[in-house]
Amino acid sequence: MLGNRRGNRLEKYVQDYVVFDLETTGVSPSWDEVIELSAIRVRGGQAAEEFSSLVNPGRSIPYGASQVNGITDEMVANAPAFDRVLASFLDFAGEDVLVGHNIHSFDMLFLYRDVERFFGRLLENDYIDTLPIARSYLPQLAHHRLTDLASFYGISVNGAHRALNDCRMNQQVFEYLAKEMQKGSGRTAQRLCPRCGQGLKLRSGRYGQFWGCSGYPRCRYTENL
């Protein structure tokens with residue numbers, strides 16, 4: 001959904017959402033390009049419809065990237081450019097909350113950049129990153145990569161690092177994490193900002209500690225201890 005503001009990061013479970021994943025030519029949103037975009041529409045906690053497309057980035061895919069995701073120049077030679085794939089994905093996602101793993105510091109940055117670049121608008125969909133949720137509710141795990149979480153829950157990791165397979169893993173992981181959140185396991189149950197729905201963090205100020213919204217400076221909600 002395009003508009004005049006960016007959506008908020010949420011730290012809660014929702015039953016209806018679109019889980020998505022990107023594969024790229026590298027790790028920098030400043031100069032790397034998307035080479036695959038996949039998504040799954042979820043209704044009532046169940047996968048309902050899938051979307052997936054390779055992308056021709058208009059440049060050669062570095063060897064290191066191909067080693068990770070298995071996508072080669074030959075595979076994307078006849079694929080559409082990202083403006084077409086992104087437009088189709090936005091139609092698929094509609095106004096749904098977007099869900100993904102480590103998307104706050106990676107995937108969303110590519111989406112924000114290219115939505116503005118191609119369409120001159122902002123991406124308004126709220127989103128949920130399963131990485132910080134996993135860290136909060138599964139502190140006993142040494143690592144919280146998507147494959148680590150899938151293995152922990154007995155989910156197959158075959159085909160990891162291809163976008164659609166990662167979406168399938170992530171959708172199942174998110175449903176398991178929902179149960180962890182419901183139980184309130186882990187360090188502490190996450191306190192949410194009543195104004196924007198993002199997590200509250202314990203902060204220190206001139207007059208002592210207080211709860212502040214993790215969405216600062218966009219959301220300036222605070223709460224005294």
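This is a predicted model: local features need pLDDT of at least 70, side-chain atom pairs count only at pLDDT 80 or more; totals for chains, interfaces and linings use all residues.
Biologist: In which sense do E3 and strand E6 pair, parallel or antiparallel?

Modeller: E3 and strand E6 (residues 98–100) run in the parallel sense, with two bridges between them, and here valine 18 stands opposite leucine 98 in E6.

Biologist: How should I read the two faces of a strand, and which residues of E3 lie on each side?

Modeller: In a regular strand, side chains alternate between the two faces of the sheet. In E3, Tyr17, Val19, Asp21 and Glu23 lie on one side, while Val18, Phe20, Leu22 and Thr24 lie on the other, and all of these are buried. Because eight of the eight residues of strand E3 (residues 17–24) are buried, the strand is largely enclosed by the rest of the structure.

Biologist: Is aspartate 114 buried or exposed, and what is it in contact with beyond its neighbours within four places in sequence?

Modeller: Buried means under 20% relative accessible area, so aspartate 114, at 0% relative accessibility, counts as buried. Aspartate 114 lies in helix H4, residues 107–119, and, leaving aside neighbours within four places in sequence, is in contact with Val34, Phe82, Leu86 and Phe119.

Biologist: Where does a hairpin join two strands?

Modeller: A hairpin of two residues links E9 to E10, and these strands, residues 200–205 and 208–213, pair in the antiparallel sense over six bridges, with lysine 201 opposite glycine 212 in E10.

Conventions
Residues are numbered from 1 along each chain as its sequence is written. Side-chain values use heavy atoms; hydrogens and water are left out. Buried means under 20% relative accessible area, exposed over 50%, partly exposed in between (1.4 Å probe, protein chains only). Helices (H or I, at least four residues) and strands (E, at least two) are DSSP runs, numbered from the N terminus. Two strands pair if DSSP finds at least two bridges between them. Contact means heavy atoms within 4.5 Å.
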